[in-house]
Amino acid sequence: MALQTEKKPISEKDIEVEASQVSSDADQITYSSKMESDIESDQITNSETAAENIVKPEKQLPASITLGQGETLRTVALDLFGSKEFWVYIYQENMQSVINPNVIPVGTKLLLPDVEKYDINANDPHSIAKAKEKGARIINGL
């Protein structure tokens, strides 16, 4: 059984409808492409923003340092930990080899304290105050 289709003559109205449909399809394709472009642009922007918001780890500290000319426990603490008050923790880690924290020979190898163990955080006023108090007790005991 063959399907029979009825052929109608095409009128000008049919051609206008067909042309407007093509125009509408073109607009839709253009709109769709713009949306895809906007989405890709947003994804790039979001990726860049996400990359900026990644918490960067603190600088990796060595396990020890050698005291250089003109360096003190305070200058080392300021340079490595962001506050001179944290000198006390460097001293505590090296009490067996450093008798007086105010007099340390150049070339002395110093172990560095674990930041987490001593709660060393230059952005926390409580952490700095705690170190300052501990340092005052050590200096007064000399």
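**Exercise 1.** What pLDDT does the protein average, and what share of the residues score at least 70?

*Solution.* Start with the ground rules: this is a predicted model, where local features need pLDDT of at least 70, side-chain atom pairs count only at pLDDT 80 or more, and totals for chains, interfaces and linings use all residues. Residues are numbered from 1 along each chain as its sequence is written, and side-chain values use heavy atoms, leaving out hydrogens and water.
Next, the score itself: pLDDT is the predictor's confidence in each residue, from 0 to 100. The protein averages 78, and 58% of the residues reach at least 70.
Then go element by element: helix α1 (residues 12-53) has the lowest confidence, with a mean of 53, while α3 has the highest, at 98. Residues 53-57 fall below 50, and that stretch has 0 contacts (heavy atoms within 4.5 Å) beyond near neighbours in sequence.

**Exercise 2.** Is glutamate 85 buried or exposed?

*Solution.* Find it first: glutamate 85 sits in the loop between α2 (73-81) and α3 (87-93). Glutamate 85 is buried, meaning under 20% relative accessible area with a 1.4 Å probe, protein chains only.
Now check its partners: leaving aside residues up to four places away in sequence, glutamate 85 touches Arg74, Ile128, Ala131 and Lys132. The nearest side chain of opposite charge, arginine 74, is 4.1 Å away, and glutamate 85 has no salt bridge; that would take a side-chain nitrogen of Lys or Arg within 4 Å of a carboxyl oxygen of Asp or Glu.

Definitions and conventions: Helix = DSSP H or I, 4+ residues; strand = E, 2+ residues; numbered from the N terminus. Buried < 20%, exposed > 50% of the residue type's maximum accessible area, 1.4 Å probe, protein only. Lys, Arg positive; Asp, Glu negative; His and termini not counted.
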